[in-house]
Amino acid sequence: MQFDPWNPEFVAHPYDVYRELRDNAPVSFFEPTGQWLIARHADVNALLRDRRLGRSYLHVASHEAFGREPEPEFQEPFWRVIRAGMLDVEPPVHTRLRRLVSKAFTPRMVESLRPRVRKIATELAEGLAERGGGDLLAEVAEPLPVTVIAEMLGVPEADRHLLRPWSADICGMYELNPSLDVQHTAVRAASEFGDYLRELARARRDQPGDDLISALAQVADEGDRLTEDELIGTCVLLLNAGHEATVNVTGNGWWSLFRNPAELDRLRADPGLLPTAVEELLRWDTPLQMFERWVLEDIEVGGVTIPKGVEIALLFGSANRDPEVFPDPDRLDVGRADNPHISFGAGIHFCLGAPLARVELAESFGALLKAAPAMELAEEPVWKPGYIIRGLESLKVTV
Ligand code: HEM
């Protein structure tokens, strides 16, 4: 098999192909997308920190000057929302936006949320156990991070069911060469989500609550530190990034444990291993398999010169299995001590929500281990078609 992100078989089992790439072609050109694939941990890690690359090039050049076509007109509402968030901008705008929200996500701030996260996780896990099982993904993995991030931002409970579909539709645009249909769906979702938040933020500006949207609406109101578009872009980003990957780490993580029953038994016997187990599950089957960067100046990677104007694709899933960094990398080891996985990224865009994700994952796995100590897989799960965001359709279990 070859690197083929559109092939369901590759999506289900990418790790042998990654090994081939690391061994024989660690920097290779991928014709169908015109990108250079980067397979080794050392290169991925270094390039994430390299300022000669960017998540965008629009801070240094126009589309034309960079030799790229501007996006089609119909995508404008999508990029207006997405490019206003910190993930798609570079310094100095990135620095300003990240600083405005980073206080809400410090380890200490997040630690204070733990009791609330634990309560939600316990209720969800006990509910699943009382029903004798069900779809772990829909009944535990999704509602936990959605509830937590919606509560932080102050999205009313009655509207929370909208977040998952909007996020999923927006994420469609991040897959490689999305179909026109998928693009239109993403544009529609981004503009609906943007409109919804614009209205909510205006309401909160007039009647503030004790939540992040109110706090940001206040900042936007005060002067020049945050425009309304940036406020909307930031909230969309926080709500989407704040649950999408966590849902899939939970689903992929349990599927990893079911495929490695000795490790699941080890964790059941010693829940003290939860912190290392969470890191290992993040490493072993990360839901974010690839992140892209634009080359802003010619660079050399592993003896290959990659010219300005090209896009590179950093293979996180491959970096996480690199034997140069992880002894016996294909082995799932819930007690793995030294685990510099790349699943939260590195450099200036390092995941802002990593402390929150860690709390949510530890509490969610912990609650399920406790409430459903004999939980079993009911049927073999199926992967969703996406590769860049790689998760399961569902995860049926019996308790
Ligand atoms: C296990 C779950 C999660 C994973 C694996 C994950 C992974 C990542 C990665 C890899 C990046 C960097 C992308 C890049 O460099 O191109 C990132 C950025 C980000 N993540 Fe997460 N994330 C998770 C959960 C969260 C949560 C719970 C939040 C909560 C708000 C969050 C908010 C963000 C934000 C705001 C950024 C952009 C940071 C910046 O551009 O400076 N993430 N995440």
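Modeller: Let us begin with a term: helices and strands are DSSP runs, numbered from the N terminus. Please also note that this is a predicted model.

Biologist: Which helices and strand each supply at least two residues of the shell around the ligand?

Modeller: They are helix H5 (93-102), helix H13 (228-241), helix H14 (244-259), strand E5 (290-295) and helix H18 (354-371).

Biologist: How many residues surround the ligand, and which are the closest?

Modeller: The ligand is surrounded by 29 residues, and Arg55, His94, Arg98, His349 and Cys351 are the closest. By class, the shell comprises 19 nonpolar, seven polar and three charged residues.

Biologist: Which polar side-chain atom lies 2.6 Å from an oxygen atom of the ligand?

Modeller: A polar contact is a pair of N or O atoms within 3.5 Å. In this case the side-chain atom belongs to His349. The side chain of Arg293 also places an N or O atom 2.7 Å from a ligand oxygen, while a polar backbone atom of Ile348 is 3.5 Å from an oxygen atom of the ligand.

Biologist: How does one read the packing of H12 and H13?

Modeller: One compares their axes. Those of helix H12 (residues 212-222) and H13 come within 10 Å and cross at roughly 160 degrees. Angles over 145 count as roughly antiparallel, and H12 is therefore roughly antiparallel to H13. The crossing is right-handed.

Biologist: Which residues meet there?

Modeller: From H12, Leu212, Ile213, Leu216, Ala217 and Ala220 meet Leu231, Thr234, Cys235 and Leu238 of H13. By class, this contact has eight nonpolar residues, one polar and no charged.

Definitions and conventions. Residues numbered from 1 in each chain as written. Predicted model: local features only at pLDDT ≥ 70, side-chain atom pairs only at ≥ 80, totals over all residues. Heavy atoms only, no water. Near = heavy atom within 4 Å. Polar contact = N/O pair within 3.5 Å; in protein donor to acceptor, adjacent residues only side chain to side chain. Helix = DSSP H or I, 4+ residues; strand = E, 2+ residues; numbered from the N terminus. Nonpolar A, V, L, I, M, F, W, Y, C, P; charged D, E, K, R; others polar. Axes fitted to C-alpha atoms, helices over the stretch in contact; angles between N-to-C directions. Parallel < 35°, antiparallel > 145°, perpendicular 65-115°, else oblique. Left-handed = near helix turned anticlockwise from the far one by under 90°. Contact = heavy atoms within 4.5 Å.
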